[in-house]
Amino acid sequence: MDSRDIKEEPSIPKDNKYLESIYEMQKQLLDSYISIEGLPKYPLNINTKTNQLILKDFTSRVIEELAEAYESLLLVEELTITKQNWFTISSTSIDSFVECMNHLQNASEEMADALHFFIELLIYTNIQPEDINSYIESKLPKNKRQNFSNTLEYGMALGKQWLTNMNQVPDVKKKNLVNLIHKYEQVKVDFDIPEYNIKLLHCGEDYNYELYNSYKSYLWDITYELNISRNFLKNKPWKQSQMMTNELAYQEEIVKSFILFLGTLNIMGVNGSNLYYIYFKKNKICLLYTSPSPRDTR
């Protein structure tokens, strides 16, 4: 089962409160996982050894999903470079094109999985949407916030700005840029190929080598901040001593990594409403699974 199998469509949250709505859906899902996985209630006291292990585990889950999303995009790139010229698709190359579209959709699904675990990490560390919004407002100039209507898009704008300062973000308007969604719309007219939901294809929709090659740096920036956050959790299982955590510093690193995550998604072609859409679809898949191993879907 993938997100195309979910026929229910999300409605626009009141006042475009996408992040707030995601939190509520994730809490509903997390409540079901608490009994299945034996997890504690949220939020956590972050100073205990047991709880710090849980927080490190959720951090690792985010990183794992980011790596899987990147793997899918690498497969898109490999097919694009080695298997065919996207501008002249023929009957001999159509199978490769379908394979490419499958990987492109899977990239969105893996990023949706990363978002699921990211929100659970935020919930467990007692970081609320209003906290994220306040942090963004302290960092993003007011004139730039006026262009957006919700916290997700604020975060995407700030994250993209940070990534631009940290890396050389390629100009997507450069020549030889191929929009894979447009190519899909052209190809399906002439060939019998599976039907794709275009809203599930935006993560990596614009392709050229320079742009795709930059994704590794952005994903590393997210991973680096997440690992810095883990360094604040000093109470190792084998240590007899107990150390109090600088909770505010720890929470700030989590929020910074989340903002970089949003900025990366935006560079990849995902906006706030689209991120909500791909999250909604994957959330419904997760809710369908009530077996002892529901995480196999994520």
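Guide: What follows is a conversation about a predicted model, in which each term is set against its cut-off.

Visitor: What makes Ile81 count as buried or exposed?

Guide: Ile81, which lies in helix 2 (residues 49–82), has a relative accessible area of 52%. Since exposed means over 50%, Ile81 is therefore exposed.

Visitor: Which residues is Ile81 in contact with, leaving aside its neighbours within four places in sequence?

Guide: With those neighbours left aside, Ile81 is in contact with Tyr207 and Tyr209. Ile81 and Tyr209 are 128 residues apart in sequence, while their C-alpha atoms are 8.7 Å apart in space.

Visitor: How do you know whether helix 6 and helix 9 are roughly parallel or roughly perpendicular?

Guide: Helix 6 (residues 151–166) and helix 9 (residues 247–268) pack at an angle of about 90 degrees, and their axes are 7 Å apart. Among the residues that make the contact are Trp162 and Leu163 of helix 6, together with Leu260 and Gly263 of helix 9. The residues of this contact divide into 11 nonpolar, 5 polar and 2 charged.

Visitor: Why is the pair formed by helix 3 and helix 10 described as roughly perpendicular?

Guide: Helix 3 and helix 10 (residues 272–288) pack at an angle of about 80 degrees, with 9 Å between their axes. The range for roughly perpendicular is 65 to 115 degrees, and therefore helix 3 and helix 10 are roughly perpendicular to each other. Their contact includes Ala112 and His116 of helix 3, and Leu275 and Tyr279 of helix 10. Its residues divide into 6 nonpolar, 3 polar and 3 charged.

Visitor: Which residues of the largest nonpolar core touch the most other members?

Guide: Of the 89 residues in that core, Ile119, Ile132, Tyr215, Phe258, Phe261 and Leu275 touch the most other members. The largest share of the core, 18 residues, comes from helix 3 (residues 94–124). Leaving aside neighbours within four places in sequence, the contacts of Tyr215 are with Tyr70, Leu73, Gly204, Asp206, Ile267 and Met268.

Technical notes
Residues numbered from 1 in each chain as written. Predicted model: local features only at pLDDT ≥ 70, side-chain atom pairs only at ≥ 80, totals over all residues. Heavy atoms only, no water. Core = buried A, V, L, I, M, F, W, Y, C linked by side-chain atoms within 4.5 Å. Buried < 20%, exposed > 50% of the residue type's maximum accessible area, 1.4 Å probe, protein only. Helix = DSSP H or I, 4+ residues; strand = E, 2+ residues; numbered from the N terminus. Contact = heavy atoms within 4.5 Å. Axes fitted to C-alpha atoms, helices over the stretch in contact; angles between N-to-C directions. Nonpolar A, V, L, I, M, F, W, Y, C, P; charged D, E, K, R; others polar. Parallel < 35°, antiparallel > 145°, perpendicular 65-115°, else oblique.
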